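Try each task before reading its solution.

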Amino acid sequence: MTAPLHGIKVVDLATLFAGPLAAAFLGDFGADVVKVEHPAKPDPSRGHGPAKDGVGLWWKVLGRNKRTVTLNLSHPEGADLLRRLLADADVLVENFRPGTLERWGLGPDELHAVNPRLVIARISGFGQIGPYAPRPGFGTLAEAMSGFAAATGEPDGPPTLPPFGLADSVTALAAAYAVMLALRGRDLTGRGQVVDLAIIEPIMAMLGPQITWYDQLGYVQPRLGNRSNNNAPRNTYRCADGRWVAVSTSAQSIAERVVRLVGRSDLVDEPWFATGSGRAAHADELDAAVGGWVAKRDRDEVVAAFEAAQAAVAPVYDVRDILADPQYAALGTVVTVPDEELGEVRMQNVPFRMSDSPGEIRHAGRRHGQDTDAVFGALGLTGDELAALRERGVI
């Protein structure tokens, strides 16, 4: 079976999270992804988080399905080698601070002179234009500036940041989507184009109608903890065994089933119960009813009762629960991947299924520069030339 991106060559110059993850998504569906790292300064994600026997585990996920080469782009010979590598490439993913590639003579104009069909995805904290463009930018700053942190956390607590790369991950999905659109555009025009992705923007697009609310009503989304200003009951509740469940009642029928289940069918007749906003205004009363009922029962009993009543509930999982859950097992959400250093490693699978051309994680992240000789040898460099470039710190 031919993967949908078979024959697409992607050169990944990015570091850390958003850009490399976008390239990984493309690699999952058959793109030939060549990961370029500095000879002396590998992608910092190799050193982020826990490691096993000195091998960074985050990199194993982020570097999946990629060949790895080393190249010093600030060296003129390194810049020339990149041009040669890109001459037949389809996509370049980069996240240098704006202006860096241009300083090296590797800006879009120069690269399109070499390969007019090249799609160039430029990912940065604040975009390629505007007063903040030169600033260093990370996902944490995007989570702060997008409105996400201001609306997250308890009402009397501080703005809250996620304990993982949320903005980077959302940007990676947006970048992979944008690249596919640019490739489709190339099918129509024959020309590649530049994709300008600011990390502050995709996460803002996920935050719903906050801007429209403010524009039309002057309404600013407050911090609500685990509640919602759109409906209630909607919260997390602690069970008798110390574990937690999450309840959502976005649909009116579900809200009615929940309060009947917990012995408060009288609430259905209250005038305010008929709308989500009305229920949200009475969240204290609804949380007391649901929370009090849940607190007397173990989590498995709560989940079973909600399922029997066809009310929406989910246990609050940590990674141990995920790995033991039959639904995730049925979906194939976690996959065991072969790896030369660790033998086998489990990680999240491709996040959706396609009936005719499914994605696949073929291998975990490879060693720093593992494919340098093979990739540049395919460009016509001899063993002696590669050795000389390595001696000069170019590769």
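Buried means under 20% relative accessible area, exposed over 50%, and partly exposed in between, with a 1.4 Å probe and protein chains only. Helices (H or I, at least four residues) and strands (E, at least two) are DSSP runs numbered from the N terminus. This is a predicted model: local features need pLDDT of at least 70, side-chain atom pairs count only at pLDDT 80 or more, and totals for chains, interfaces and linings use all residues. Residues are numbered from 1 along each chain as its sequence is written, and side-chain values use heavy atoms, with hydrogens and water left out.

**Exercise 1.** Find which residues of helix 3 are buried.

*Solution.* Start with residues 76-86, which form helix 3; G78, A79, L81, L82, L85 and L86 are buried there. Next, look down the axis: these residues cover an arc of only 160 degrees (taken from the directions from the helix axis to the C-beta atoms), which puts them on the same side of helix 3. Finally, list their packing partners, with contact meaning heavy atoms within 4.5 Å; among them are strand 1 (9-12), helix 5 (108-114) and helix 17 (383-391).

**Exercise 2.** Find what H112 touches, leaving aside its neighbours within four places in sequence.

*Solution.* First locate H112 in helix 5. Its contacts are then L118, I120, G192, Q193 and V194. For L118, zoom in: its backbone oxygen lies 2.8 Å from a polar atom of the H112 side chain.

**Exercise 3.** Work out the order of the strands in the open sheet of 3 strands.

*Solution.* The order is 9-10-11, with antiparallel pairing. Strand 9 (235-238) and strand 11 (313-315) each have a single partner strand, so one side of each lacks a neighbour in the sheet.

Terms used. Polar contact = N/O pair within 3.5 Å; in protein donor to acceptor, adjacent residues only side chain to side chain. Pairing = 2+ DSSP bridges.
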